[in-house]
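I opened a new page for a structure I had not looked at before. My plan was to start with the overall build and then go residue by residue.

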Amino acid sequence: QVQLVESGGGLVQPGGSLSLSCSASGYTSNINAMGWYREPPGKERELVAVWRRGGNTYYADSVKGRFTISRANAKNTMFLQMNSLKPEDTAVYYCAASFRDYCSSYGCTEEADFGSWGQGTQVTVSS
């Protein structure tokens with residue numbers, strides 16, 4: 001069992017930056033990948049980025065070049081650095097953890113790949 005808690009959301013102006021954190025506790029040694037999803041108002045939840053234990057990452061086209069996902073293993077914490085924020089980045093952001101073996105090196109881009117989810121943190125980009 002892994003518990004995930006997000007933090008760092010808030011209100012930011014367009015063009016600004018925000019950093020989200022996801023703290024993991026429990027059987028964290030079983031985690032093979034972690035991801036950030038977001039749910040914009042009135043829309044379906046979508047994948048933002050994935051960190052894989054093997055060292056590679058995945059980004060949705062909409063955030064490529066603006067967002068960076070990383071993990072501090074010693075602290076069991078994952079981060080999402082968000083720069084050049086746009087109003088369309090407004091959403092509830094969720095972190096998720098995957099325990100599937102293949103997720104350590106490839107794939108892991110479907111919600112079904114992730115077995116633990118946080119409660120979410122609101123990010124609002126507005127002037």
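Predicted model: local features only at pLDDT ≥ 70, side-chain atom pairs only at ≥ 80, totals over all residues.

**Entry 1: the whole chain**

I looked up the secondary structure and found zero helices and 11 strands. Reading from the N terminus, the elements run β-β-β-β-β-β-β-β-β-β-β. The radius of gyration is 14 Å, close to the 14 Å from the globule rule for 127 residues, so the chain is as compact as a globular protein of that length. I also boxed the C-alpha atoms along the principal axes and got roughly 40 × 25 × 25 Å.

Next came the surface. The accessible area of the chain is about 6,300 Å², and carbon and sulfur atoms hold 46% of that. Of the 127 residues, 45% are buried. I then took the contacts between residues at least 6 apart in sequence, and 59% of these join residues at least 24 apart. For charges, I have 11 positive and 11 negative side chains down, with the centres of the two sets 7 Å apart.

**Entry 2: the disulfides**

How many disulfides does the structure hold? I found two. With the bonded cysteines numbered in sequence order, the pairing reads 1-2, 3-4.

I took Cys22 and Cys95 to begin with; their disulfide has an S to S distance of 2.0 Å. The link is right-handed, with 45 degrees about the S-S bond. Cys22 has 0% relative accessibility, so I wrote it down as buried. Cys95 is also at 0% and counts as buried.

Then I went to Cys103 and Cys108, which form a disulfide with their sulfur atoms 2.2 Å apart. The torsion about this S-S bond is about 95 degrees, so this disulfide is right-handed. Buried or exposed, I asked of Cys103? It is buried, at 0% relative accessibility. Cys108 has a relative accessible area of 2%, so it is buried as well. I placed Cys108 in the loop between E9 and strand E10 (116–117).

**Entry 3: two positive phi values**

While on Cys108 I checked its backbone, and its phi is near 65 degrees, a positive value in a residue other than glycine. I made a note of this because most residues other than glycine have a negative phi. Ser84 went on the page too, with a positive phi near 50 degrees. Ser84 lies in the loop between E8 and E9. Its relative accessible area is 40%, so I have Ser84 as partly exposed.

Where does Leu80 lie? I found it in strand E8 (residues 77–82). Its relative accessible area is 0%, so Leu80 is buried. I listed what it touches, skipping residues up to four places away in sequence: among them are Leu18, Leu20, Trp36, Val48, Phe67, Ile69 and Tyr93.

Arg45 was my next stop, in the loop between strand E4 (33–39) and strand E5 (46–52). At 27% relative accessibility, Arg45 counts as partly exposed. Which residues is Arg45 in contact with, leaving aside neighbours within four places in sequence? I wrote down Tyr37, Arg38, Glu39, Tyr94, Glu111 and Trp117.

Last, I looked up Lys64, in the loop between strand E6 (57–59) and strand E7 (67–72). Its relative accessibility is 52%, and the cut-off for exposed is over 50%, so Lys64 counts as exposed. From Lys64 to Ala49 I have 8.9 Å between C-alpha atoms, for two residues 15 apart along the chain.

How values were computed. Residues numbered from 1 in each chain as written. Heavy atoms only, no water. Disulfide = S-S within 2.5 Å. Buried < 20%, exposed > 50% of the residue type's maximum accessible area, 1.4 Å probe, protein only. Helix = DSSP H or I, 4+ residues; strand = E, 2+ residues; numbered from the N terminus. Rg over C-alpha atoms; globule rule 2.2 N^0.38 Å. Contact = heavy atoms within 4.5 Å. Areas by Shrake-Rupley, 256 points an atom, 1.4 Å probe, with all protein chains shown as cover. Lys, Arg positive; Asp, Glu negative; His and termini not counted. Charge placed at Lys NZ, Arg CZ, Asp CG, Glu CD.
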